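Take a look at the model first, then work through the steps with me.

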Amino acid sequence: MKLWMFAAILIICGPVVLTSCSKEESIVAPVQKDYFTLWNTCESLTALQDYVKDVTDPKSKNFIKEEDRIATFDMDGTLVAELYPTYFEYNMLEYRVLDDPTYKDVAPDDVRETAQEIRDFVRNGKKLPAHFDMKHAYAAAKAYSGMTLAEFDRYVKDYAAKPANGFSGMTYGQGFYKPMLQVLDYLKANGFTLYVISGSDRFICRALVESIGVDPSRVIGMDVKLRSSRQGSEEGVNYTMGKDEELVRTDQLIIKNLKTNKVFQISQEIGKVPVLSFGNSGGDSAMHNYCLGNKTYKTAAFMLIADDEARDHANREKALNLGAQWREAGYHVISMRDDFKTIYGDGVVKTDFSF
């Protein structure tokens, strides 16, 4: 075959190897990854996939530019367990104040009282005081005051390595909902930027979500005031930090990132209105409503309900009532019992709590 004839065939047929350019030759489409192997076929998953296909299709009237594909996720109860037997940060404060030999003897009385209220709640079912989220926030600020950020990060990760109370086969730090991690992967593959917006301490969240590939710059949570290690009482605006100094936590609470505070923080730190929002409680409703109120793009919001009493610690009756409430509010509902093939993965079994 002459060289010019071969070149012509390549132009017409494309770069084929050891084959002919016949009409019968079939073109094999690229294999699409199945991101949802841990999900059952369900309304919530269909709604998510339909939404993503629509807004990422350049031909769709609902197309969203990649830089505006912002998705926000609550953490506790949305990405990670919150009922072992309560929130991770509550469990850790209880341990810090009542069990940690390096701190328990010097804990202030009000911090000790707060930790004891958590213990009475988880062990004896005693009701927590009103507005306990704020009481805990002030106590937690004091309990970790004086730690450098590196020390606090190590403290969180050491506690996260402890066996999760109420389960066999996993630590606290492994207590992520495996199907929800697939949602993160799916959205990242489709050009979404993901943020974790939590009521828990920002630096606790950063330490925990590091293992699932969430960038620490995309974590927003409760904040305490920081200072430089040699700053003393001088205001930061008047002090120049040295090269050999470290950032240290103080006992001054800046913000508890719940309800509408989440919206304020999203606006200040992200600067764009999300188009997707995921949560599990009334504390996430303001964030959802902010998303659904986006005037520029098509949006969607999802609520997880803890309705699986066999595989997790849950109150199914309460969860179903909440599910009805969330649907009425215009949110898609994800049922952990019906929609998830697994929650924590193979080898993890729900057990009784141990005290």
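**Exercise 1.** What volume does the largest cavity have, and which residues line it?

*Solution.* Step 1: the largest cavity has a volume of about 40 Å³. Here a cavity is a set of points on a 1 Å grid over the protein atoms alone where a 1.4 Å probe fits but cannot get out, and lining residues have an atom within 4 Å of a point. The volume is the space filled by probe spheres set on the points, which are joined across faces, edges and corners.

This is a predicted model, in which local features need pLDDT of at least 70, side-chain atom pairs count only at pLDDT 80 or more, and totals for chains, interfaces and linings use all residues. Residues are numbered from 1 along each chain as its sequence is written, and side-chain values use heavy atoms, without hydrogens and water.

Step 1: the lining includes Glu 89, Leu 93, His 136 and Ala 140. Helices H3 (88–98) and H5 (132–143) each supply at least two lining residues; helices are DSSP runs (H or I, at least four residues), numbered from the N terminus.

**Exercise 2.** How do H3 and H5 pack?

*Solution.* Step 1: their angle is about 50°, with the axes 11 Å apart; axes are lines fitted to C-alpha atoms over the stretch in contact, and angles run from 0 to 180 degrees between N-to-C directions.

Step 1: H3 and H5 are therefore oblique to each other, as angles under 35 degrees count as roughly parallel, over 145 as roughly antiparallel, 65 to 115 as roughly perpendicular and the rest as oblique.

Step 2: in the contact (heavy atoms within 4.5 Å), Glu 89 and Leu 93 are among the H3 residues, and His 136 and Ala 140 among those of H5.

How values were computed: On a 1 Å grid over the protein atoms alone, a cavity is a set of points where a 1.4 Å probe fits but cannot get out, and a pocket is an open set with protein on both sides within 12 Å along at least five of seven lines; lining residues have an atom within 4 Å of a point.
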